[in-house]
Amino acid sequence: MATFLYRLGRWAFVRRRLVTLLWVAVLAVCGVLAAKAPAAPDDGFAMPGTEAQKAFDLMNERFPGGHADGASARLVFVALSGQKITAEPNQQAVERTVAELAHADEVTGAVSPFKANTVSKDGTTAYATVSYSAKAGELSKGATDALEQAAQHGRDAGLKVEVGGNALMAKPEAGGSSEMIGMALSAVVLVITFGSLVAAGLPLLTAVIGVGLGMALITGLGSTLGLSSTTSTLAMMLGLAVGIDYAVFIVSRFRAELAEGHTPQEAAGRAVGTAGSAVVFAGLTVVIALAGLSVVGIPMLAKMGMAAAGTVVIAVLVALTLVPALLGFIGRRVLPRKARKGTVQPKKENGGSRWAKFVLRRPLAVLLGGVIGLGVLAAPALDLRLGLPGDESKPTSTTQRRAYDLLSEGFGPGFNGPLTVMVDVKGTPDPKAAASEVAKTVSGLPGVVSVTPPMFNKAGDTALLNAVPSTGPSAAETKDLVQAIRGHAAGLKTTTGATVLVSGTTAMNIDVSQKLTDALVPYLAVVVGLAVVLLLVVFRSVLVPLKAALGFLLSVAAALGAVVAVFQWGWLANLIGVEQTGPVMSMMPIFMVGVVFGLAMDYEVFLVTRIREGFVHGEQPDEAIVTGFRHNARVVTAAAFIMIAVFAGFIGMGEPMIKMMGLGLAAAVAFDAFVVRMAIVPAVLALLGRRAWWLPRWLDRLIPDIDVEGSKLQTAAPEPAPVRESVGV
């Protein structure tokens with residue numbers, strides 16, 4: 001592989017104008033495709049195989065035209081201090097507001113609280129539910145404006161009015177200030193690392209081109225492949241981070257080859273042949289981890305993973321072709337000014353080599369310190385509670401959060417997460433009696449505040465009833481109540497013949513969390529197993545891949561501990577704008593495993609391939625460790641800071657889930673790069689010595705020799721230069 005990539009790098013360097021024009025042309029074509037493509041659909045949050053999804057699908061079938069998947073708004077009306085919402089002036093104001101909304105765009109139903117009996121016992125609070133034909137996030141501006149105006153008219157009449165539900169839900173944030181912050185911090189890191197504005201600008205430019213192409217393809221193919229706007233969030237985060245990192249490693253190796261006296265064209269070939277090989281396999285580990293999200297069984301998560309994997313593939317192709325092409329235009333200007341003049345000699349000793357020697361003197365102490373430190377940080381993860389945060393996790397500045405709080409005060413926290421119980425009475429001898437028996441059984445369960453009378457469809461074969469829990473949607477007691485209702489389903493089936501299914505947002509969130517929890521171990525087995533096999537081929541070692549996987553598990557556990565401490569326990573929550581603690585997003589563990597594993601293997605491949613390169617070329621194990629750190633520690637550190645900067649930029653977003661993703665990924669990269677890869681890895685390699693590179697002979701014969709370390713390039717004579725190599729000097 002190294003030889004092929006060497007030739008590819010030299011070709012791209014020589015044909016730099018052609019390569020650059022091809023990339024620009026592809027970007028332009030995809031941009032036009034994206035501009036003319038129809039709007040992407042809402043991919044929803046389907047959970048095949050769960051009871052909540054089964055009930056939801058049956059609801060759409062048995063209640064046609066009911067728009068079960070449509071948006072909804074809950075207007076909460078509160079009378080001013082000392083007044084009652086049932087007072088005539090206040091009641092008239094509420095009814096005028098609801099009547100105004102009943103005739104608004106896309107509204108399918110709006111019932112007055114006084115007709116629906118949704119007034120609190122103390123008479124101070126009431127709420128009206130407004131149903132829409134369009135899905136959440138797809139409402140027209142006219143519909144949302146009408147909702148906000150109606151709420152304001154209620155306020156003008158002297159009431160406190162807030163809007164809950166998902167009707168005002170905005171599209172997930174992706175883009176804007178967060179990427180700008182990440183890019184700015186990345187630029188600072190690159191300038192410090194390379195000491196050259198030209199060298200610092202090249203990775204940023206190529207990363208933007210790669211991400212731009214990836215986003216254009218996702219947008220252009222959105223309607224064809226069913227990719228919604230949420231699909232691009234992960235692709236943008238990862239595409240930007242790995243795009244910069246992969247270019248940094250190619251540029252860094254190019255500078256090192258120039259410093260050893262090679263011509264720019266030869267240096268480009270060798271950089272792509274060596275560092276490019278690491279880029280290919282690092283990219284493959286990321287792709288495996290992301291594509292593996294498909295095994296979880298959640299369509300939205302699978303689409304996010306595949307879209308992000310495609311963006312990573314583009315980043316790899318950009319690093320292997322466009323980066324050496326642009327280096328052809330830049331030439332020796334990629335070096336600092338003093339180095340170009342020959343006044344600076346390559347250092348035989350730097351911070352990386354000094355750190356490696358420190359670890360080599362105390363490997364056991366460094367290993368124990370790293371493992372114990374990460375173990376302490378991971379301790380909060382033992383208290384991990386999973387759920388899908390709702391309006392309760394939003395800032396108090398939002399109307400959704402204020403509506404949630406007012407409902408909790410007036411009716412109890414359970415009113416924010418009612419359970420929808422579907423009763424399929426098709427084929428039963430007495431459908432009404434069966435539905436009534438179900439309602440009686442559910443109302444008698446501990447933790448149930450109220451149960452609405454069964455509401456039948458036109459065919460009379462299906463009934464719906466709403467059960468209001470005494471606890472909030474994310475409370476453990478609510479989960480127990482859902483399980484209790486489902487536990488009585490078998491007995492009700494025997495006595496009445498009716499099939500009982502529990503659905504609704506709260507039940508769906510519970511099912512999501514359970515399904516993700518059940519899928520975590522199989523997903524880990526698939527992803528880690530495939531990656532270990534891949535690393536076995538790369539490093540031709542049994543112990544190094546196993547060490548890499550165990551180190552990754554440590555860093556993920558520590559990152560999850562940090563997420564629990566901040567978002568669940570509330571430690572330092574105010575510093576990042578978290579106003580309400582609660583359960584950790586249910587997809588966070590499996591999401592972090594998928595993303596962080598790929599990124600962790602990036603650093604493993606980049607760092608350890610250089611160590612193995614020194615070992616293969618005749619150095620002693622300890623000497624190879626020092627060599628690897630002298631060449632790559634600085635650039636791995638820079639790459640990690642860039643990743644952290646990109647992910648940390650998302651902490652400033654208002655959406656709690658994206659904020660959590662930003663913190664979790666930034667923490668995981670920090671722990672993995674600086675503790676696992678920079679401390680635990682050299683300590684383990686030092687303790688193992690030559691045993692680190694042990695491989696059984698029978699396995700050695702089976703594994704193909706892909707020459708990632710580029711040993712064949714050391715003996716091969718450089719190809720004659722077809723063009724003048726003084727360009728860019």
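Reader: How many cavities of 30 Å³ or more does the count come to?

Author: The model is a predicted one, and the count comes to two cavities of 30 Å³ or more. The second largest cavity has a volume of about 30 Å³.

Reader: Which residues line the second largest cavity, and what is the lining by class?

Author: The lining of the second largest cavity consists of Ile611, Pro621, Ile625, Leu685, Gly689, Ala692 and Trp693. By class, six of these residues are nonpolar, one is polar and none is charged. Gly counts as polar under the classification.

Reader: Why is helix H22 called roughly antiparallel to helix H23?

Author: H22 (residues 621-648) and H23 (residues 656-688) pack at an angle of about 175°, their axes lying 9 Å apart. Angles over 145 degrees count as roughly antiparallel, and the term therefore applies to H22 and H23.

Reader: What makes up the contact of H22 with H23, by class?

Author: The contact has 20 nonpolar, two polar and two charged residues. Among the residues of H22 that take part are Asp622, Ile625, Phe629 and Phe641; the H23 side includes Gly662, Leu665, Phe674 and Arg677. Asp and Arg count as charged.

Reader: Why is one side of strand E2 and of strand E4 left without a neighbour in the sheet?

Author: Four strands form an open sheet with antiparallel pairing, in the order E2-E3-E1-E4. E2 (107-110) and E4 (160-165) stand at the edges and have a single partner strand each, so one side of each has no neighbour in the sheet. Neighbouring strands are turned by 20° against each other on average, direction ignored.

Reader: How do you know that E2 and E3 pair?

Author: Pairing requires at least two bridges. E2 and E3 (residues 125-132) have three bridges, in the antiparallel sense. The bridge partner of glycine 109 is serine 131 in E3.

Reader: At what angle to E4 does helix H16 run?

Author: H16 (residues 399-411) runs at about 105° to E4 and lies across E1, E3 and E4. Helix H6 (residues 141-156) also lies across E1 (72-78), E3 and E4, at about 150° to E4.

Key:
Residues are numbered from 1 along each chain as its sequence is written. This is a predicted model: local features need pLDDT of at least 70, side-chain atom pairs count only at pLDDT 80 or more; totals for chains, interfaces and linings use all residues. Side-chain values use heavy atoms; hydrogens and water are left out. Helices (H or I, at least four residues) and strands (E, at least two) are DSSP runs, numbered from the N terminus. Axes are lines fitted to C-alpha atoms, for helices over the stretch in contact, and angles run from 0 to 180 degrees between N-to-C directions. Contact means heavy atoms within 4.5 Å. Angles under 35 degrees count as roughly parallel, over 145 as roughly antiparallel, 65 to 115 as roughly perpendicular and the rest as oblique. On a 1 Å grid over the protein atoms alone, a cavity is a set of points where a 1.4 Å probe fits but cannot get out, and a pocket is an open set with protein on both sides within 12 Å along at least five of seven lines; lining residues have an atom within 4 Å of a point. Grid points are joined across faces, edges and corners, and a volume is the space filled by probe spheres set on the points.
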